[in-house]
Amino acid sequence: CWSDGLQTFSHFHPLGYVLVVMLGAGVAERSGLFASAIRSALTNAPLHLLTPFVAIIAMLSNHAADAGYVVVIPIAAIIFAAAGRHPILGIGVGFAGVSGGFSANLTPGALDALLFGITEAAYQASGIDAGWSMNIAGNWWFIIALLIMYVPVIWFVADKIIEPKLGTWEPSSMADMSSYQSSDDPLTDAQRRGLRHAALALLGVLLFWVVMTLGPGTPLLNDGPDMVGAPWYSVAAPFFKSLIAAFLILFLVTGYFYGRAAGTINSGQDMVDMMTEAMKDMGYYLVLAFFAAHFVAMFGWSNLGLITAVHGADVIQSSGLPLPVALGMIVIFAGVLNLFVGSASAKWALLAPVLVPMLILLGVSPDGATAAYRVGDSATNIITPIMVYFPLVLVFARRWQRDFGLGSLTAMMIPYSIWMLLAGTALMMLWINLYLAQ
């Protein structure tokens with residue numbers, strides 16, 4: 001295994017997916033597109049639907065990587081304060097959406113590419129031929145359902161549990177807000193013009209991809225005569241494989257047109273610099289990927305994953321637990337493990353070589369194994385201090401209430417975490433029941 005160390009690392013499947021997507025996302029983020037789009041959406045939130053609106057925007061902002069934490073959470077506090085509600089409540093709603101709802105969204109993104117790359121590596125290392133092929137849209141319907149379920153959960157916890165405990169907010173207790181000035185300012189004319197140009201670019205990219213997918217004889221549809229009667233996912237396989245390139249092009253094009261109109265991109269060199277900065281931020285991930293790649297390879301070489309999977313499947317089968325209950329236990333286990341190991345990819349690199357083949361033997365596809373893991377992984381993000389953005393969220397809160405400490409933030413987020421974990425577990429069990437009923 002170590003004699004092929006270079007090939008093991010360079011052929012690690014998540015590596016290419018993540019780096020390619022982040023090249024585009026780096027331009028969209030550093031041009032200001034993500035921040036302006038989030039600010040525009042939040043500042044126009046209807047007051048009577050403020051909590052669910054912020055929760056939705058927070059979950060959708062996960063495609064923007066760090067921008068969700070840096071932009072959504074502090075602006076949510078400002079908007080809640082402007083509506084006469086406690087700004088700490090806004091921070092809780094934003095944090096629950098951005099981090100607790102880390103796997104809930106309307107479309108796949110970089111996280112899907114990252115996790116499914118590890119899933120594919122674990123599947124190939126298992127030696128089991130289940131006829132499965134990886135695409136980052138494998139959990140698409142599930143993450144949509146997760147978002148739909150999380151919105152009322154966050155809404156209920158915020159308005160019925162947290163807000164009564166916070167009491168009435170006294171603006172006189174607010175800390176110095178000078179550092180929020182730039183976030184609180186309305187969008188400039190240049191930023192609004194940039195958003196309009198980015199929206200037109202978005203429509204153009206989507207139209208191009210629709211034509212390339214649905215047009216006769218197009219390369220993104222397997223519509224040859226040999227595919228007559230084939231299942232839809234086989235026909236659409238080229239489309240799914242193109243999604244990595246689609247996200248790269250989408251982020252690059254929209255980020256470029258936004259930047260040109262807003263004045264943040266003046267030349268091609270500016271785009272190169274933005275992509276370079278994005279790759280600098282991936283240094284930690286590259287170190288993690290190096291060790292994860294070798295761990296997965298050594299795990300496959302040792303056959304421990306397959307052996308553990310066989311014994312694990314035997315234990316679950318002999319225990320008499322229904323498969324939905326077993327998946328529910330996996331969700332809860334991932335949630336508990338997340339309290340001690342923060343990185344989603346690091347945990348999945350450890351668990352996937354065992355869970356993926358084990359669940360295949362029980363009739364669950366690698367897509368289902370990935371879905372069960374990501375529910376538990378995200379729900380407890382908001383109550384573990386080892387979460388890298390936890391101190392940042394605490395700083396945001398202390399700007400509004402100086403005596404707000406680490407224990408206060410953790411206590412506020414525990415109800416969100418418990419209810420989201422229970423809701424996600426219930427959805428996973430219902431999902432597998434529907435799957436087995438087919």
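Biologist: Where is the place of R39?

Modeller: In this predicted model, R39 sits in helix α3, which covers residues 33-43.

Biologist: Buried or exposed, and why does R39 count that way?

Modeller: R39 counts as buried because its relative accessibility is 13%, and the cut-off for buried is under 20%.

Biologist: New topic! How many salt bridges does the structure hold?

Modeller: It holds five. One of them joins the side chains of R374 and D112, at 3.0 Å from N to O. R374 lies in helix α19 and D112 in helix α7, so this pair ties together parts that are 262 residues apart in sequence.

Biologist: Are those two buried or exposed?

Modeller: R374 is buried, with a relative accessible area of 1%, and D112 is buried too, at 3%.

Biologist: What about R192 and D189?

Modeller: Their side chains also meet in a salt bridge, at 3.2 Å. They are three residues apart in helix α10, so about one helical turn separates them. R192 is partly exposed at 37%, while D189 is exposed at 57%.

Biologist: Which residues are linked in a network of salt bridges?

Modeller: R85, D159 and E163.

Biologist: Last one: which residues form the nonpolar patch on the surface?

Modeller: F156, I414, I418, W419 and L422, with about 470 Å² of accessible area together. Helix α21 gives the most to the patch, with four residues. I414 is found in that helix and is partly exposed, at 35% relative accessible area.

Definitions and conventions. Residues numbered from 1 in each chain as written. Predicted model: local features only at pLDDT ≥ 70, side-chain atom pairs only at ≥ 80, totals over all residues. Heavy atoms only, no water. Patch = residues over 30% accessible without salt bridge, like charges linked within 9 Å, V, L, I, M, F, W, Y side chains within 5 Å. Areas by Shrake-Rupley, 256 points an atom, 1.4 Å probe, with all protein chains shown as cover. Salt bridge = Lys/Arg side-chain N within 4 Å of Asp/Glu carboxyl O. Helix = DSSP H or I, 4+ residues; strand = E, 2+ residues; numbered from the N terminus. Buried < 20%, exposed > 50% of the residue type's maximum accessible area, 1.4 Å probe, protein only.
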